[in-house]
Amino acid sequence: MNKSGYIIISQGEHKVGLQDAKGRAILPCVYDKILDYDDDGYIRVLKGGVYGTIDLKGNWVIPHTVGITHLGVFHEGTARARKGNNWGLVDEEGNEMTPFIYKNIEACHNNTYEVTTLKGVYGTLTTDGKFTKFKKQTKTKSKSRNHYESKLIATHELSCFDYQWFYDSLSQWIGSTCSSDSIYYRDTDAPIDVEKAYKKGMLLRAGNILQVTNKLRRPVHKLRFYIVSQRMYNKNAESNSDNLRKAFEELDYKEYFMHYNTCFAVVDVQKIRSKIQVVLREIPYGVLTLAEKYHINIGNIVAKVDSKCGLYRDAKHDMEKKFDAMVHGNSLSDYWNEAMYQPIGYTKDLKKVKFERQDYCEELSDEAKKLFDSCHTILSQYYNIAWKEKYFFHLQPNVLKIVVGDITQLSVDAVVNAANTSLLGGTGVDGAIHKAAGEELLHACQLHRGCPTGHSKVTKGYRLPSKWIIHTVGPIWRGGNYHEDHLLAACYKSALRIATRKQLESIAFPCISTGVYEFPRERAANIALRTIINCLKKNHYKGDVIICCYTEEDAKIYFDCLNEMDD
């Protein structure tokens, strides 16, 4: 239904536009197609394979520069969208509500999208961008087992910060379109090895209050920084607060400049006509705050920047165009040469700037520094329009259960066998698993030729309901003076590493080493729970974990330990 009242007109191929009922032009006839989908209040306008939108009054809402190559109908303020080959969610102004890290997003039903990530994980997205992966249904082998229910003692739900989501989102954000940003420059002849100093994807921090300009034209020095930022400070801008203006009075700078804690990602390093251009994109201040909160050493991150990123093309075109431009007067002045000498990411004496947040500034008095820093925080949150915590922040849901039952009958992706170093079977859990899995398991274990204490190896599950068996060798208790605690923790870590490598969604542990190996049960329970929870919180494993106790007495020990950890 056409609620707008506009009429689509065509003057030939790729010459489509809009008129109102009185024949007045709403859009000129320069578009490939007008998609009159205005049930959600927006008209899609297609040009060069890229979508834009106008509202029912003819005002532009999403410009083509955002780069959307498919745009669905809006539900609760968001719509599925595609940029290139990747999918994500955008709001009604085209801002990214999720990273574009999905292989596919189906049409919305009941305010939920069914999605597939680039890594092949299936799940759902709510209209506010919350992703939940589908839990894989593991079928029991009906020929050998009836449906089995263990006795549930406790369920502990953990919502852990998803580090991989953070890394993927940061990479996606760095390479995304940035039409609302401004471009600034620094040119320098500083004697540094550019190829070693700046690599694509690396992150760096300014380190000092540095001048930048948006007026430099033809490059006159060997190295140019092409800086993409939504926020640089202008000494004479009327919008600056009184407090910030007081701090500026101590700075003998002419135009724009950056705070010493401003951070960037290297998008590209370009060699053009004997000159080198380093393309930088500012990282939102909120990303750094989030990294500090969750103890991410962001200085060690190397972002995966898509080679199809529009910044590559735009920066190269800008440089080539300006080779033929007139030289700006400041480019050759002594003042400007001195002001621009220091490379971004290096100190004045050309030493690499550490990435950790800096709490001092030699150029400002203590009072001015406080004003400058407080405004930096406020203005960073205000000007970083693309910063939305939920874009970079995602909680990975995990469930930890304590049950009483027979581990050989659990329908999970993998059960852990408390094995001995030979892997050829033994007593307790080891003997039960070998007996239930059948002779094929013994043959498979023989091929492994044993396993050291604290390590794990994996075989198929054979006749067990579980697809895999992870064999781990726990330590024999010898008084606690022979690294028994470390070795027991290593059992859980190595088993979870295998589960992560095989992308398993559920794993069940027995009470390792507490049987004939006589490890104190309370001590073993504490080590097991702390190690498992730590692995979940650090995203070393993203599935669900079951601790399967053989007796209710053992289960109570784990239950009490878990409650103490919560307290």
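Let me start with a cut-off: a residue counts as buried under 20% relative accessible area, as exposed over 50%, and as partly exposed in between, with a 1.4 Å probe and protein chains only. By that scale Gly 5 is partly exposed, because its relative accessible area is 40%.

Hi everyone, two notes on the ground rules. This is a predicted model, so local features need pLDDT of at least 70 and side-chain atom pairs count only at pLDDT 80 or more, while totals for chains, interfaces and linings use all residues. Residues are numbered from 1 along each chain as its sequence is written, and side-chain values use heavy atoms, with hydrogens and water left out.

Now the overall picture. The protein chain has 13 helices and 29 strands; both are DSSP runs numbered from the N terminus, helices being H or I with at least four residues and strands E with at least two. Of its 567 residues, 52% count as buried. The chain exposes about 27800 Å², and carbon and sulfur atoms supply 49% of that; the areas come from the Shrake-Rupley method with a 1.4 Å probe, and for residues only the protein chains shown count as cover. If we take contacts, meaning heavy atoms within 4.5 Å, between residues at least 6 apart in sequence, 66% of them join residues at least 24 apart.

Back to Gly 5 for a moment. Gly 5 sits in the segment before strand S1 (7–10).

On to a sheet. In which order do the seven strands of the open sheet run? The order is S15-S24-S29-S28-S25-S27-S26, and the pairing is mixed. Two strands pair here if DSSP finds at least two bridges between them. At the edges are S15 and S26 (456–460), each pairing on one side only. Neighbouring strands are turned by 20° against each other on average, direction ignored.

S25 is mostly covered, with five of its six residues buried. Helix H9 (residues 428–437) lies across S25 (414–419) and S27 (468–473), running at about 130° to S25.

Next, the rings. The structure holds 18 aromatic pairs. Rings of Phe, Tyr and Trp (its six-membered ring) pair if their centres lie within 6.5 Å; planes under 30 degrees apart are stacked, over 60 edge-to-face, and the rest tilted. Phe 161 and Tyr 294 are stacked, at 4.1 Å centre to centre with 10° between the planes. Those two are 133 residues apart: Phe 161 is in strand S15 (residues 151–161), and Tyr 294 is in the loop between helix H4 (285–293) and helix H5 (310–322). Both Phe 161 and Tyr 294 are buried.

Why is the pair of Tyr 492 and Phe 509 called tilted? Because the ring centres are 4.9 Å apart and the planes stand at 45°. Tyr 492 lies in helix H11 (residues 484–501) and Phe 509 in strand S28 (residues 506–509), so this pair ties together parts 17 residues apart in sequence. Tyr 492 counts as buried because its relative accessibility is 1%, and Phe 509 does so at 0%.

There is also one aromatic cluster formed by Phe 161, Tyr 163, Phe 166, Tyr 167, Tyr 294, Phe 392 and Phe 393.

Lys 47 is over Tyr 31, 5.9 Å from the centre, and Lys 502 is over the face of Trp 468 at 4.0 Å.

Last, some backbone. Most residues other than glycine have a negative phi. Arg 449 has a positive phi, near 55°; it lies in the loop between helix H10 (439–448) and S26 and is exposed, at 77%. Tyr 462 also has a positive phi near 55°, in the loop between S26 and S27, and is partly exposed at 27%.

Technical notes
Lys NZ or Arg CZ within 6 Å of the ring centre and 35° of its normal. Axes fitted to C-alpha atoms, helices over the stretch in contact; angles between N-to-C directions.
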